[in-house]
Amino acid sequence: MSKLQKAWFYNQYGSIDVLQFGEFPVPKPGPRQILIKVRAAALNPVDFRKREGLYKSNDSDFPAVPGCDAAGVVVEVGDGVSKFKIGDEVYTDIQEFTVGKPKQLGTLAQYTLVEEHLVAAKPTNLSFEEAASLPLALLTAQQAFEIAKFEEGQSVFIVGGAGGVGSLAIQLAKNVYGASRIVSTASTGKLDFVKSLGADLVIDYTKQSYDQISEKFDFVYDTIGESFKSHVVAKEEAKVIDIATFPAHPRAVNSMVEPTAHNLEKLQPYIESGKLKPVIDPKSPYSFSDVIEAFKHQESGRARGKIVIAPIE
């Protein structure tokens, strides 16, 4: 008989109402797998889109536990694991949506199972809550700059600078990729916040449309799925990447994160030196019993930065 744990899960696609809290088996790690005691998890838009059935053509079995991001402690390792031992503090995006079916057991659980190549040591200067907020959003943003072949001295226009991905994309542009000019969009109440992240100019999207922006950019990164409108601010040869509308405008390319520990490790010096800072929504952390409220906030589209669930107990 396998050990049981507490988890959030759903047995059918639908709205927040299909989420249930109950018991779920604790899995045993197979070869090169790590069992993590989850100390904190974070929500991403993909979590509710998956629950709504957007990926049903290639999805995990029911019951499905949501969640991609986790930070926690290694409690068991499978054969062949060489980088980590029991007691190590780690963080990870466990879900590889571009490789086969997503995992049935996500991170909104007391324990989660993940392959070693997706796990990185938790940055020493971050709490579990801060670390859990980073993996999927940070890797999504970093991958976009790589796909765009972004070069130091180029300009970037980031649509949705206050969101989980956008808030990290601004910091990457400024402190990792050496952008010469960073322009972003936000609502009226978030303009100062987005400026504080490193944007040179923040455009209030409630007052100004893309057509009214005369400046053109070397890279347009659309984190909210408006490439049908936002592509107009790109220079003729510029890359336009849309991570939220599938398919994107013909001028844009879609990008879906391919998580690796290697890329988190590459960014670790920037995190530990404070050049990349976690951005956590002011209402966070939500307790493990308040996951429904956390999803409501996520789905409202009004979050600022990442929504974190902690402690998970």
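Tutor: Two strands count as a pair if DSSP finds at least two bridges between them. Keep in mind that this is a predicted model.

Student: Which residue in E12 stands opposite Tyr221?

Tutor: Ile241.

Student: What is the order of the strands in the open sheet?

Tutor: The open sheet has six strands in the order E10-E9-E8-E11-E12-E13, and the pairing is parallel.

Student: Which strands stand at the edges?

Tutor: Strand E10 (201–204) and strand E13 (253–254). Each has a single partner strand, so one side of each has no neighbour in the sheet.

Student: Which strands does H3 touch?

Tutor: H3 packs on the sheet and touches strand E8 (155–159), E11 and E12. The direction of H3 makes about 145° with that of E11.

Student: And helix against helix: at what angle do H3 and H7 pack?

Tutor: About 95°, with the axes 11 Å apart. H7 covers residues 261–272. Angles of 65 to 115 degrees count as roughly perpendicular, and H3 and H7 are therefore roughly perpendicular to each other.

Student: Which residues make the contact?

Tutor: From H3, Pro135, Leu138, Leu139 and Gln142. From H7, Asn263, Leu264, Lys266, Leu267 and Ile271. By class, the residues of this contact are six nonpolar, two polar and one charged.

Student: New topic. What volume does the largest pocket have?

Tutor: About 1000 Å³. The lining of the largest pocket has 48 residues, and Pro45, Arg49, Gly163, Thr223 and Ile224 lie nearest the centre.

Student: Which elements give two or more residues to that lining?

Tutor: Helix H1 (45–51), helix H3 (135–147), helix H4 (164–175), strand E9 (181–186) and helix H8 (291–300). The largest share, four residues, comes from H1.

Student: How many of the lining residues are charged?

Tutor: Seven in the largest pocket, next to 25 nonpolar and 16 polar residues.

Student: Which residues line the largest cavity?

Tutor: Val46, Asp47, Lys50, Val65, Pro66, Gly67, Cys68, Gln95 and Phe97. The lining of the largest cavity divides into five nonpolar, two polar and two charged residues.

How values were computed. Residues numbered from 1 in each chain as written. Predicted model: local features only at pLDDT ≥ 70, side-chain atom pairs only at ≥ 80, totals over all residues. Heavy atoms only, no water. 1 Å grid on protein atoms, 1.4 Å probe; cavity = no way out; pocket = protein on both sides within 12 Å on 5 of 7 lines; lining within 4 Å. Points joined across faces, edges and corners; volume = space filled by probe spheres on them. Nonpolar A, V, L, I, M, F, W, Y, C, P; charged D, E, K, R; others polar. Contact = heavy atoms within 4.5 Å. Axes fitted to C-alpha atoms, helices over the stretch in contact; angles between N-to-C directions. Parallel < 35°, antiparallel > 145°, perpendicular 65-115°, else oblique.
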